[in-house]
Every structure is written in structure tokens, then in C-alpha cells.
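Hello,

I am passing a structure on to you.

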Amino acid sequence: MADRAVLEVAGVTKRFGNHAALDAVSFAVHEREVVALLGDNGAGKSTLVKCIAGIHRPDHGTVLLDGAPLPPGTSAAGRDSGIGIVFQDLALFDNMSIAENLFAGREPCRPRFPRGLGIVRRRVMLDEARRTLHRLEVQVPNLRTPVGLLSGGQRQAIAVSRGIAFARRVVVLDEPTAALGIRERTNVLRLVRQLPENGIAVILISHNLEEVVAVADRAVVLRQGRLVGEVPARPRTTRRWCR
Amino acid sequence: MLALGLRLIAAGPVIVLLCIWLVFSLLSPYFLTASNLTNVLVQSSSVALLALGALVVVMVGSLDVSLGSTVGLCTIVSAVVFRDHPSLAWLVVPLLLAVGLAMGAVNAFCIVGLRIGNAFIVTLGMLYVIQSLSYVVSGGTQVPNVPPQLVALANGSLLGVPGPVLLVLGAGALLWFLLNRVAWGRWIVAIGGNRDAAGKAGIPVRAVLFSVYLIASLFAAVTGMLVAGLNNSGTVDNGTSILQAIAAVVIGGASLTGGRGSTWATVVGAVILGSITNGLTLLSVSTNWTPFAIGAALVAAVGLDALRGTVEGRLRVRQAQIQAGGA
Ligand SMILES: Nc1ncnc2c1ncn2[C@@H]1O[C@H](COP(=O)(O)OP(=O)(O)O)[C@@H](O)[C@H]1O
Ligand SMILES: [Mg+2]
């Protein structure tokens, strides 16, 4: 069971005009595994994240969750089947509260169907947001505070919390510690490390090698849209592949 | 201190309205009488209703300048139906709603469906198209007499509250509920805040955007019913009513880049415009000066908005400092 692929990227190609941001990329993440995804700026890492998230429709190839292909081009479907994403740009709504950011697009509603036409259960949303952030040990001011008023570290913590709070199978984090102070970075890494313990696979994109060595079981390297290497995340090899 | 400042700015439109009322009441003893204030509210009602429609589009960071033409077309259709088929006058409400929906659907189809980029340009085109349709349907600029239900709506009252005021309150409550309590409405606000993030959060962005133009045009249709009743005639819109409505939205503190705006503040914005017009008339200032005052109010509102941005930024910095220091 431990070897079963949770998430599989199978021959994914994504072109922007003539430029292939991803060129037949294949790799898999297994249960309880943390895979680091390394590569220079412009290597195609974020594009891969968006293909997994269902935001980009790959020109070729598929993304499979537990062996079943995900429908491309719908980010709600991937999330509902247990994929959590922390986007590089955080994808927060500055004009909405912390609680609303956590639940955006998946608000608890009454009635639940038809989707979107129900009344938001704000009490339930606030209670669940409070419980979630408490469980993740993320400290924030009032849950009704607009996210636009938070500090950079707090914003990142909200984005990470949203990405991992509701994921059941796999979490993808796109440079979640970039631009964070040491203390905030430690907090995020602590959250990442807890995921495998709960049976969730992790894909971590990072530029910080210490961080990769500290949490990842394995690293794959993207260069100009192509997968050029796959190495165990031991300090020396990782450093070599990153050059 | 900063939080208080922020709250004051949020209450800005109400404060501005009270200041304007204070000034006019000092200058004219007649201004602050119940009958004149009722006048102000009734005179503001059509701009307020149309502004609510405009607000929905502004919330997603877009503009629909064709809404005024839809108002005009609806007044014309109601008058023409009454003239040519008086037995069908009872159908006028659903008919006008259908006209509104149709115009909104064309806008939405061009902007969201065909992805013609600039909503302002598309709706500017529709402003002329719908205006032209109005001329075609009416054969002139004005058609007298509309169905009596509309006249009753505009001139009647319930428990002393005039029909137009009730209509604005009802429509405002409906819109407030949609934008603040219904998931779809929260999605409208979310898209205005960060459209890209909305897509990433699995919000059906294009469907929501499509609906926004439909909702706005429905508001325009209801405004058409009101205007038809108030004038007891159908009149082709000359294109300025929507500008007043957008001014009301901005004076109400909404951000034209989307994501921020308030239903009731928009109504207050319309009442501010109505108060300025009414007060200047009372003081027998030449009506040539009315647009001047409205323009000044608009610029002041934008200034207030810039101030809000500064205060918000400072609050954020302070919060970050507290966070860093309090560990
Ligand atoms: N929406 C887009 N349109 C056109 N080109 C894009 C788009 N997104 C990414 N690219 C290009 O694809 C390449 C990979 O980008 P990205 O995946 O963001 O790299 P990384 O995250 O590894 O830094 C870059 O050359 C970038 O310019
Ligand atoms: Mg990137």
C-alpha cells in the first residue's frame, strides 16, 4: 500500500504559443511521501501546479488521482476529490475576511443545492475556521478581519492553511516559505511535516535547500519544462542537481 | 485611532449627507421639513435604483453604461404597449423584466461569452444600440401615458411612505441580501477582489460574471417602471442618467476596480446627489451650477477613497509591527 501512487502526472505537456512550459513531464507521489520539486525561475513549476489544480488544461497527458484521471480545466473538481493547493501568488481575497478566504468557493450553505444559490451559514463558517486554524496552530487576529489588513506572514499562513486544511489525498505547495521570516518559515514547515503523518502526500516547491533536505523524501528537478532528474533529497546530491 | 479613522471613512457617505443637510438647512428654513425631505427621497429614487444596478457591475470591477438606455427603452415599451394594446397593460411588469433580461443577456454574451475584452466599450456600443431601439419602437422621443399600475406605484404611498421610496428600500434589501448572505453574491464580491484567485478557488467565474449583467439590467428595467410612472410617459434616455448613477455608486464609496462597495451607501450616494439638486433649487441658485456641485462631490468622494487607502496601509504596517514585536 505504501507504494501506491496517490497523484500521478503522466506525460503532461503545456504550451504557451510556441513555448513549451512543460514538455512530457511524468512523475508520481506516493502515500505519505514528500516530494520536492526543484528548478530555476521559469522552469515550469508553477505551470505544473496549475495543471494539477485543473486551472490549465494540458495539451497532452493527464493528471491522475488514485489512478483515476482528473477532469482538466475545473479547479473545483480536484479540490473536491481531495487535492489541496497553495498557490505561489497566495490567491487571497484582500477584500474578504479570514474565514471567508478559507471557505471561498466552498462555503457551507443552506440549502446546499443548487450550488451557489444557498444562504451562507456564517456561524458554521466562523466556527469551522476557528477550529481549523486552532488545529493548525495558526494564530490570527479576529476571523472577521479582512485579509488585506494582515501582514505578509499572516497572509501566507492563511493561504497555507486553506491549502492543507481540507485536503485529504495530496497537498501541493508552490514556494510557501518565500518571503517569510525564520519564525514564520518554521511554522509553515511544521505544518508540512504533519501532512504525511496524516496519510497525505506532499509536493513541495522550494528554493531553499535546507528546507528541502529537512522535509523531503525525494526531489525531482525541472529544467526548461523537462524533468531532468530525480534524486533522494540528501544534501550533496540535491545541491548538485540544483546547479 | 487608525481603526476609528477607518470606521469614519466607511461611514463617510452618511457623514457627508448629514453635512450637506446641515448646510442647506442653515441656508433655507424650508429644506429640513418633512415634506421637502420626502421630495428629496422621491427625486433621488430613480437614480438610487439605477445606481444599485450599476453597483452590481462595479462590484466585479466592470462598468455597464448601457443601463440608462435600458431604462429609457423600458419606459417607451410600457407606453407603447399601453397605447396599442391597453388590454395587455397588466403584462407590463413581466414584459419589462423580459426586456431588461434581454438587454443584459446581449451585454453578457458579448463581454463574457464572446470575450470581447472591454466592458466599457461594449456597453457604450449597447448604449447607442438600445437608444436607437427606443426611437424605433416609439417613433419619436416621447410617448404619453403608461399603464395605471406604474403611475400608482410611482405616486402612491403605503403608511405614509411614498411608493418610490418603498421600491428603493425593497430593491436595496434584496441586493444587500444577495451580496452579503447568498454564496453567489459573495462570489461576485470575491471576483471583484481577485478574479484570478476566484478561478483558483473553484468559483464559476464566467457564470457569475454573466449573471452580473443580467442582474444589473433587471434593476434598470425596474427603474424603467418607476421612471415611466413618475413621468406618466415613455421617454428615450439621453444617456446622462447612468452617469449620475455611477456617480452615486462612487460617492457611496465603491471602488471602480471592484470588490468593494455597499448597497446602502450607494443609496445614500444617490440621496446626496438628490439633496444637492434640491437644495440648490431651493436657494434659487441657477440650475447651471447643479452639475458643478455634483462634479465637486464626485471628486471629493474619490479624494476620500485615496485617504482610505492611506489609512488602511498604515493600519496594516502597524499590525505587522505588533505581530513581529508580540512574539
Ligand atoms: N499564462 C502564461 N502565458 C504565457 N506564458 C506563461 C504563462 N504562465 C507561464 N508562462 C511561461 O512559462 C514558463 C514557466 O513559468 P512558471 O511555470 O511560472 O515557472 P516557475 O514557476 O518554475 O518559475 C515561463 O517561461 C513563463 O514565462
Ligand atoms: Mg513559480
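Here is what turned up in the search for salt bridges.

Please keep in mind that this is a predicted model. Over all chains, the whole structure holds 15 salt bridges.

A:Asp23 bridges to A:Arg226, with 3.1 Å between the closest N and O atoms. A:Asp23 sits in strand β2 (residues 19-30) and A:Arg226 in strand β12 (residues 226-232), so the bridge ties together parts of chain A that are 203 residues apart in sequence. A:Asp23 is partly exposed, at 27% relative accessibility. A:Arg226 is also partly exposed, at 48%.

Next, a bridge between chains. A:Glu100 pairs with B:Arg186, and their closest N and O atoms are 2.7 Å apart. The link runs from helix α3 (residues 98-103) of chain A to helix α9 (residues 183-193) of chain B. A:Glu100 is buried because its relative accessible area of 15% is under 20%. B:Arg186 is buried as well, at 11%.

Back to chain A. A:Glu137 forms a salt bridge with A:Arg190, at 3.7 Å between the closest N and O atoms. A:Glu137 lies in the loop between α4 (122-135) and α5 (152-165), while A:Arg190 belongs to helix α6 (residues 182-197), so this pair connects parts that are 53 residues apart in sequence. A:Glu137 is exposed, with a relative accessible area of 51%. A:Arg190 is partly exposed, at 22%.

Last, the network. A:Glu31, A:Asp66 and A:Arg169 are joined into one by salt bridges that share partners.

Best wishes

How values were computed
Residues are numbered from 1 along each chain as its sequence is written. Chains are lettered from A and ligands numbered from 1 in the order in which they are written. This is a predicted model: local features need pLDDT of at least 70, side-chain atom pairs count only at pLDDT 80 or more; totals for chains, interfaces and linings use all residues. Side-chain values use heavy atoms; hydrogens and water are left out. A salt bridge is a side-chain nitrogen of Lys or Arg within 4 Å of a carboxyl oxygen of Asp or Glu. Helices (H or I, at least four residues) and strands (E, at least two) are DSSP runs, numbered from the N terminus. Buried means under 20% relative accessible area, exposed over 50%, partly exposed in between (1.4 Å probe, protein chains only).
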